[in-house]
Amino acid sequence: MITVVGTGTGAPPPEEAVAGAELVVGGRRHLDAVRLPEGAERVVLGPLAPALDTIGEYVAKERPVVVLASGDPGFFGIVRVLAERFGPGLLDVRPGVSSVAAAFARLGLPWDDAVVVSAHGRALRTAVQVCRARPKVAVLTGPGSGPAELGAALLHHDRMLVVATALGDPVRERVERVTPAEAAARDWGTAVSVVLCLDGARALGAARTVAGPDAMGPGWALDEDAFAHRDSMITKFEVRALALARLGPRLGDQVWDIGAGSGSVAVECARFGAAVTAVEKTADGVGRIRANAAAHGVDVTVVHGAAPTVLAGLDDPDAVFVGGGGRELPAIVTACARRARRAVVVAMAALDRVPAARAALTHAGLDCDGVLLQSSRLAPLPGDVTRLAAANPVFLLWGVRPRARDEGVDQ
């Protein structure tokens with residue numbers, strides 16, 4: 001049996017937890033805080049592979065092992081690798097209080113509606129997109145992915161960061177509320193446990209907007225009357241349904257909606273948990289997008305300007321929906337296809353624009369496919385009878401990045 005002891009936030013490991021152990025593995029501060037049994041071997045955790053090999057030697061001889069870890073070792077902790085290597089049936093896990101639970105407790109906030117993401121040993125990009133999309137997020141930090149880097153990535157977003165350092169330490173613990181700009185301007189050292197990213201009043205009501213299909217409200221591909229729009233200038237729900245299926249928006253993604261109009265696609269992608277940037281060249285369109293996003297309780301970043309010019313200043317997206325563009329459409333699709341990590345979806349009413357859009361997707365190295373969508377909706381006639389009312393046909397093209405080109409991308 002391998003006993004895995006979570007020391008709790010700042011709490012020393014209980015001596016009885018290591019009684020009888022012949023091998024004790026843990027961080028130096030955990031090992032220094034406990035008296036080891038006489039004759040027990042001590043292994044300071046550094047690179048995991050040698051430590052796992054040593055544990056394996058003791059397990060093979062049925063000799064007792066104790067692993068000391070911070071907080072809850074099953075929460076972004078060492079339990080995962082131990083279970084993968086030795087099997088969960090061999091583990092006796094005794095969790096402590098996680099740093100995330102402690103950080104929210106310091107603020108007096110519940111966290112059952114929070115999203116937790118790790119940036120420890122991973123690219124910061126996903127954590128940033130989650131912080132943009134969700135009102136209550138906990139980020140587990142690491143070297144190169146700390147409060148300063150997170151703050152710099154969120155400079156233009158209305159967020160408060162709570163930096164929780166050395167939680168549980170009676171001398172060194174600090175819980176500080178800062179703006180992204182203040183976080184970016186400081187040197188936080190290496191002792192940070194967790195950063196909470198909160199969107200003011202939205203964070204208090206986050207339970208109503210938790211990511212995931214079960215929390216999105218009544219379905220998706222919503223009716224047009226769920227959005228404010230001008231003169232029926234909106235992506236119809238039949239088109240939107242297939243576009244969303246090909247875009248595949250998800251928590252941690254960055255999605256662009258180009259020529260957003262009413263922002264219906266942008267809002268629906270945000271409801272799936274993606275961080276969304278909507279590009280719209282008309283001032284009244286910008287207002288409608290913001291109003292629709294607010295009405296559906298999501299956060300959409302709106303850029304007032306014309307593509308492809310304004311795209312240069314945006315972070316690379318995972319997926320892009322192009323719903324407008326006019327004569328600039330080929331240039332817009334080309335710019336989007338070169339930078340999209342996964343997919344580009346283009347909706348067009350004009351047949352003449354299909355060949356150029358398809359060529360732009362193909363020349364950028366995407367696998368291209370598409371359909372002509374023609375639908376007829378039920379409409380009433382006098383005498384309590386029904387007719388079919390044809391909607392305008394729409395061409396929908398999509399380009400998908402081949403998997404070989406996407407290998408190694410941190411999702």
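These are my notebook entries on what I looked up in this structure, which is a predicted model.

**Entry 1: the parallel sheet**

I began with the sheet that contains β1. It is an open sheet of five strands, and I read their order as β3-β2-β4-β1-β5, with parallel pairing. Which strands sit at the edges? I found β3 (41-44) and β5 (91-94) there, each pairing on one side only. From one strand to the next, the twist averages 15°.

Next I picked one pair to follow. Strand β1 (residues 2-6) runs parallel to strand β4 (residues 65-69), and five bridges link them. To get my bearings, I located threonine 3, which has valine 66 of β4 opposite.

Then I looked for helices on this sheet. Helix α3 (residues 48-60) lies across β1, β2 (23-26), β3 and β4, and I noted an angle of about 155° to β2. Helix α4 (residues 79-86) also packs on the sheet, where I saw it touch β1, β4 and β5. The direction of α4 makes about 170° with that of β5.

**Entry 2: the mixed sheet**

My second stop was another open sheet of five strands, ordered β6-β7-β10-β8-β9, and here the pairing is mixed. β6 (115-118) and β9 (174-178) each have a single partner strand, so one side of each is left without a neighbour in the sheet. The twist averages 20° from strand to strand.

How do β8 and β10 run relative to each other, parallel or antiparallel? I found strand β8 (residues 160-165) antiparallel to strand β10 (residues 192-198), with six bridges joining them. One bridge I could point to connects threonine 165 with valine 192 in β10.

Two helices went into my notes here. Helix α5 (residues 99-107) packs on the sheet and touches β6, β7, β8, β9 and β10, with its direction at about 55° to that of β10. Helix α6 (residues 125-133) touches β6, β7 and β10, and its direction makes about 165° with that of β7.

**Entry 3: one serine**

Is serine 145 buried or exposed? Its relative accessible area is 6%, and the cut-off for buried is under 20%, so serine 145 counts as buried. Beyond its neighbours within four places in sequence, I listed Ala119, Arg122 and Leu124 as its contacts.

**Entry 4: the nonpolar cores**

How many residues does the largest nonpolar core have? I noted 32, and those with the most contacts inside it include Leu247, Cys269 and Val300. Among the elements giving two or more residues to this core are α10 (237-247), α11 (264-271) and β13 (300-304). I also found a second, separate core of 26 residues, which includes Ala307, Val320, Val346 and Ala360.

**Entry 5: two helix pairs**

The crossing is right-handed. Here I saw Arg240, Leu244 and Leu247 of α10 meet Ser264, Val265, Glu268 and Cys269 of α11.

For helix α13 (residues 329-339) and helix α14 (residues 354-363), I wrote down an angle of about 20° and axes 8 Å apart. Angles under 35 degrees count as roughly parallel, so α13 is roughly parallel to α14. Their crossing is right-handed. Where they meet, I found Leu329, Pro330, Val333, Thr334 and Ala337 from α13 and Ala356, Ala357, Ala360 and Leu361 from α14.

Note on methods
Residues numbered from 1 in each chain as written. Predicted model: local features only at pLDDT ≥ 70, side-chain atom pairs only at ≥ 80, totals over all residues. Heavy atoms only, no water. Pairing = 2+ DSSP bridges. Helix = DSSP H or I, 4+ residues; strand = E, 2+ residues; numbered from the N terminus. Axes fitted to C-alpha atoms, helices over the stretch in contact; angles between N-to-C directions. Contact = heavy atoms within 4.5 Å. Core = buried A, V, L, I, M, F, W, Y, C linked by side-chain atoms within 4.5 Å. Buried < 20%, exposed > 50% of the residue type's maximum accessible area, 1.4 Å probe, protein only. Left-handed = near helix turned anticlockwise from the far one by under 90°. Parallel < 35°, antiparallel > 145°, perpendicular 65-115°, else oblique.
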